[in-house]
Amino acid sequence: MILVVMGVSGCGKTTVSSSLAEKDRIPWLCTLQEILLREYLLGANVILACSSLKRMYRRILIGEHSIIKRKLINLEEHKYSQFDFNKNILFVYLHGSIELIIKRLETRKGHFMSASLLQSQFDTLEPPEDTENFISINIEKSILEIMAEIGKYLGINL
């Protein structure tokens with residue numbers, strides 16, 4: 001199973017994934033998709049922290065976007081099925097109120113994301129929709145509760 005942990009800054013993602021906001025997203029997302037696909041073909045489990053604020057970004061990660069499809073055609077020798085890959089990617093959408101996340105950002109030390117930039121991320125955010133494979137978790141829960149909810153969905157004890 002591949003997990004893509006997504007959400008606005010301050011909701012629990014790592015600093016490294018937050019730095020994606022400063023990069024050219026499309027080539028970076030294509031690189032991430034290649035890594036996810038490689039690990040999937042090797043039978044590995046992956047957890048990726050990535051903002052994935054827009055639907056198009058998530059489509060790139062699962063290989064649905066036309067930019068990626070050209071590369072997928074060459075993978076037939078691996079008995080690859082795009083459907084199998086897609087259904088094995090679960091987006092874990094961490095969400096909470098802007099007030100809660102501002103509080104979290106204000107208490108963080110050494111993080112590049114200022115609370116004043118948070119509104120633009122909320123404005124950009126396109127929450128997952130029913131056509132996407134996702135679970136939605138409110139970040140008012142404790143980390144243990146969040147992990148338990150993910151584990152319950154995956155059918156494993158975390």
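Colleague: How many salt bridges does the structure hold?

Modeller: The model is predicted, and the structure holds six salt bridges.

Colleague: What makes Glu126 and Arg55 a salt bridge?

Modeller: The N to O distance between their side chains is 3.6 Å. The cut-off is 4 Å between a side-chain nitrogen of Lys or Arg and a carboxyl oxygen of Asp or Glu, so the pair counts as a salt bridge. Glu126 lies in the loop between α7 (118–124) and β4 (134–138), and Arg55 in helix α3 (residues 55–61), so the pair ties together parts that are 71 residues apart in sequence.

Colleague: Why are Glu126 and Arg55 called partly exposed?

Modeller: The relative accessible area of Glu126 is 27% and that of Arg55 is 25%. Buried means under 20% and exposed over 50%, so both fall in between.

Colleague: Which residue meets Arg55 in a salt bridge at 3.7 Å, N to O?

Modeller: That partner is Glu132. This pair also links distant parts of the chain, with Arg55 in helix α3 and Glu132 in the loop between α7 and β4, 77 residues apart. Glu132 has 15% relative accessibility, under the 20% limit, and therefore counts as buried.

Colleague: Which residues are linked in a network of salt bridges?

Modeller: Arg55, Arg58, Glu126, Glu129 and Glu132 are linked in that way.

Colleague: How do you know that Lys141 forms a salt bridge with Glu149?

Modeller: Their closest N and O atoms are 2.3 Å apart. That is within the 4 Å cut-off, so the label applies. Lys141 is partly exposed at 32%, and Glu149 is partly exposed at 26%.

Colleague: How many disulfides does a search of the whole structure find?

Modeller: The search finds zero.

Colleague: Are Cys30 and Cys50 buried or exposed?

Modeller: Cys30 has a relative accessible area of 8%, and Cys50 has 2%. Buried means under 20%, so both are buried.

Colleague: Which residues touch the most other members of the largest nonpolar core?

Modeller: Leu61 and Leu94 do, in a core of 35 residues. At least two residues each come from β1 (2–6), α2 (25–41), β2 (46–49), α3, β3 (89–95), α6 (98–107), β4 and α8. β3 gives the most, with six residues. Leaving aside neighbours within four places in sequence, Leu61 is in contact with residues including Val4, Leu29, Cys50, Phe85 and Phe91.

Colleague: What makes Leu144 exposed?

Modeller: Its relative accessibility is 67%, over the 50% limit, so Leu144 counts as exposed. Leu144 is found in helix α8 (residues 143–154).

Colleague: What does the chain look like as a whole?

Modeller: The chain has eight helices and four strands, and from the N terminus on the elements run β-α-α-β-α-α-α-β-α-α-β-α. Of its 158 residues, 40% are buried. The accessible surface comes to about 9100 Å², and 55% of that belongs to carbon and sulfur atoms.

Notes: Residues are numbered from 1 along each chain as its sequence is written. This is a predicted model: local features need pLDDT of at least 70, side-chain atom pairs count only at pLDDT 80 or more; totals for chains, interfaces and linings use all residues. Side-chain values use heavy atoms; hydrogens and water are left out. Buried means under 20% relative accessible area, exposed over 50%, partly exposed in between (1.4 Å probe, protein chains only). A disulfide is a pair of cysteine sulfur atoms within 2.5 Å. A nonpolar core is a set of buried Ala, Val, Leu, Ile, Met, Phe, Trp, Tyr and Cys residues joined through side-chain atoms within 4.5 Å. Contact means heavy atoms within 4.5 Å. Accessible areas come from the Shrake-Rupley method with a 1.4 Å probe; for residues, only the protein chains shown count as cover.
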